[in-house]
Amino acid sequence: SDYTMESGGKRTYEAWKDADMMENAMKEEKEREAANDHMKAMEQKSINVQAEMQMLEDLDSIRTMNKRMGQRDKTIEEALQYLFQREEKKAAEEAE
């Protein structure tokens, strides 16, 4: 473009509106097709179920990982506490 706006400009086109309209139109078309074609509806249901199962599996793995990390921190704290108590016992025995 050869011109540069200095001030007072107004946006007349917003791409995100077109994208939203197209997305909604595609969604409606897909729903209409699914309502008319029972096989496509079944396929879509199976795809949705698979996606939901994958999300639940991912969530479970994240929970397991977080649980393991928490236990690791607890184990480290217990080991440090044991070492600290052992050092205290040694110091008490040496003081006697």
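## Lining of the largest pocket

In this predicted model, the residues lining the largest pocket comprise 6 charged, 1 polar and 2 nonpolar. Here Asp, Glu, Lys and Arg count as charged, Ala, Val, Leu, Ile, Met, Phe, Trp, Tyr, Cys and Pro as nonpolar, and the others, Gly among them, as polar. The lining consists of Lys27, Lys30, Glu31, Glu33, Ala34, Lys40, Glu43, Gln44 and Ile47. H1 and H2 are the elements that give two or more residues to this lining, and H1 gives the most, with 5 residues.

The space in the largest pocket is about 150 Å³. A pocket is an open set of points on a 1 Å grid over the protein atoms alone, where a 1.4 Å probe fits, with protein on both sides within 12 Å along at least five of seven lines; lining residues have an atom within 4 Å of a point. The volume is the space filled by probe spheres set on the points, which are joined across faces, edges and corners.

## Packing of H1 and H2

Helix H1 spans residues 15-36 and helix H2 residues 38-95; their axes lie 5 Å apart, at an angle of about 120 degrees. Glu33, Ala34, Ala35 and Asn36 of H1 and His38, Lys40 and Ala41 of H2 make the contact (heavy atoms within 4.5 Å). Helices are DSSP runs (H or I, at least four residues), numbered from the N terminus. Axes are lines fitted to C-alpha atoms over the stretch in contact, and angles run from 0 to 180 degrees between N-to-C directions.

## Basis of the values

Residues are numbered from 1 along each chain as its sequence is written. Local features need pLDDT of at least 70 and side-chain atom pairs pLDDT 80 or more, while totals for chains, interfaces and linings use all residues; side-chain values use heavy atoms, leaving out hydrogens and water.
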